[in-house]
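Please brief me on this model, grouped by topic and with cut-offs stated.

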Amino acid sequence: MKQIMAAEFEITFLGTGTSVGVPVIGCDCPVCTSEDPRNRRTRSSIHLRYGAQSILVDSGPDLREQALRERLREIDAVIYTHGHVDHVAGFDELRAFCWRRDTPLPMHGNAETLGILKTMFGWAFSPDNVYRGYVKPAAIEIQGHFNYGKLRISPLPVIHGRVETSGFLFEHPGHPPVAYMPDVKEIPAATMALIRNVDILIIDSLRPSPHPTHMSVEEALATIKTCGAGQAWLTHLGHENEHAALEATLPAHVHVAFDGLRLPG
C-alpha cells in the first residue's frame with residue numbers, strides 16, 4: 001500500500017465518539033472512568049489537509065474543543081455527512097473560520113442535510129445576515145463528485161436510520177484513496193462497488209452488540225472483509241469499547257481510531 005505523505009495529504013481524527021461522547025454523563029463504567037486518553041472520545045469528525053487546503057467533515061458540538069486542540073485556524077470548506085445533531089450542532093463555532101474570510105464559507109451537503117441546516121440555523125442563511133463576525137455559509141448541494149484542487153471527493157450514499165446520509169471517498173493523485181463512513185448500518189451495492197479494495201476505510205463501529213442504525217464491531221469487521229480494504233480504522237465508538245481491549249481482538253490491518261490520531265500516524 002502507498003504511504004500518505006503528511007506534508008501533502010493528511011487526515012486528522014478530530015473526534016471518534018458516538019452521539020453522547022465518552023465519557024458519558026453520569027456513567028462510572030471502566031471506559032468512562034479510564035485514564036487512557038484514547039478512551040476519551042468527542043463527537044465524530046475528521047479534518048483533511050493537503051498542501052494549503054483545509055477541509056472539515058461535519059461540525060459537531062465539540063468543534064471548538066477539537067479546533068483548539070489541533071490548532072485549526074483556517075477552514076476552506078465544510079462537508080456534511082448528514083443532519084443529525086451530533087454532526088451539525090457546532091455550526092456556530094464556524095464563525096471563527098469566517099472572520100478571516102472575505103467570501104462565504106462553502107458548505108457541501110445533500111439536499112436533505114442542507115435543508116436541516118437552513119432550518120436549524122436560518123439566521124445564517126438569511127439575506128439579512130450582512131454583519132461581520134457571523135457565519136457566512138455558501139450552501140452547495142452535492143449531486144456527484146466534486147474537486148478541491150487535485151482532491152476528488154465522491155459521495156458514498158449509505159443507510160443510517162431514516163435520514164439521508166453519505167460517507168465520502170477522498171482521492172488524491174499519488175496517494176491511497178480513503179473512504180470515510182462514520183454513520184452507517186447498511187451499504188448499498190452501488191456504494192460497495194465504489195469502495196471495493198479501497199486502501200483505507202474509516203467505518204462506524206458503535207459497540208459489540210447490534211444497534212438499529214449503526215454497525216456493530218462484528219458488522220464493521222464483516223464489511224471490511226467484504227470490501228477488501230487494505231487498512232481500516234473503527235470510529236463512532238461508544239463507551240462499550242475499551243480501546244486497548246478492542247484493539248487486541250482485531251486483525252492486523254484493522255485498528256481503533258482515537259481523537260487526535262493522524263494518518264499517517
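Arg262 counts as partly exposed, at 32% relative accessibility. Here buried means under 20% relative accessible area, exposed over 50%, and partly exposed in between (1.4 Å probe, protein chains only). This is a predicted model: local features need pLDDT of at least 70, side-chain atom pairs count only at pLDDT 80 or more, and totals for chains, interfaces and linings use all residues. Residues are numbered from 1 along each chain as its sequence is written, and side-chain values use heavy atoms, with hydrogens and water left out. Helices (H or I, at least four residues) and strands (E, at least two) are DSSP runs, numbered from the N terminus.

**Salt bridges**

- A search of the whole structure finds ten salt bridges. The criterion is a side-chain nitrogen of Lys or Arg within 4 Å of a carboxyl oxygen of Asp or Glu.
- One network of salt bridges links Glu10, Arg69, Glu70, Asp259 and Arg262.
- Glu70 and Arg69 meet through their side chains at 2.8 Å, N to O. Glu70 is buried, with a relative accessible area of 13%. Arg69 is partly exposed at 33% relative accessibility.
- Glu70 also forms a salt bridge with Arg262, with the closest N and O atoms 2.9 Å apart. This pair links distant parts of the chain: Glu70 is in helix α1 (residues 63-70), Arg262 is in strand β14, and they are 192 residues apart.
- Glu219 forms a salt bridge with Lys185, the closest N and O atoms lying 3.0 Å apart. This pair also links distant parts of the chain: Glu219 sits in helix α7, Lys185 in the loop between β10 (178-181) and α6, 34 residues apart.
- Glu219 is partly exposed at 27% relative accessibility. Lys185 is buried, with a relative accessible area of 17%.

**The sheet**

- Seven strands form an open sheet in the order β6-β5-β4-β3-β2-β1-β14, with mixed pairing. The edge strands are β6 (137-141) and β14 (262-263), each pairing on one side only.
- Two strands pair if DSSP finds at least two bridges between them. Strands of a sheet pair through backbone hydrogen bonds, either parallel or antiparallel.
- β1 is mostly covered, with six of its six residues buried.
- β1 and β2 pair in the antiparallel sense over five bridges. Glu10 stands opposite Arg49 in β2.
- β1 and β14 run antiparallel and are joined by two bridges. The bridge partner of Ile11 in β14 is Leu263.
- β4 (residues 77-79) and β5 (residues 105-109) run parallel, joined by two bridges. Ile79 stands opposite His108 in β5.

**Helix α7**

- Helix α7 (residues 217-227) has the buried residues Val217, Ala220, Thr223, Ile224 and Cys227. They cover an arc of only 125° around the axis, so they lie on the same side of α7. The arc is taken from the directions from the helix axis to the C-beta atoms.
- The face turned away from the buried side of α7 carries the exposed residues Glu218 and Lys225.
- Cover for the buried residues of α7 includes α6 (189-194), β11 (200-204), β12 (231-235), α8 (243-247) and β13 (254-256). Contact here means heavy atoms within 4.5 Å.
- Gly228 follows α7 and has a positive phi, near 75°.

**Backbone points to check**

- The peptide bond from Val22 to Pro23 is cis, with omega near 5°. Pro23 is in the loop between β1 (10-15) and β2 (45-50).
- Asn197 is not a glycine, yet has a positive phi of about 60°. Asn197 lies in the loop between α6 and β11, and is exposed, with a relative accessible area of 55%.
- His236 is not a glycine either, and has a positive phi of about 55°. His236 is in the loop between β12 and α8, and is buried at 1% relative accessibility.
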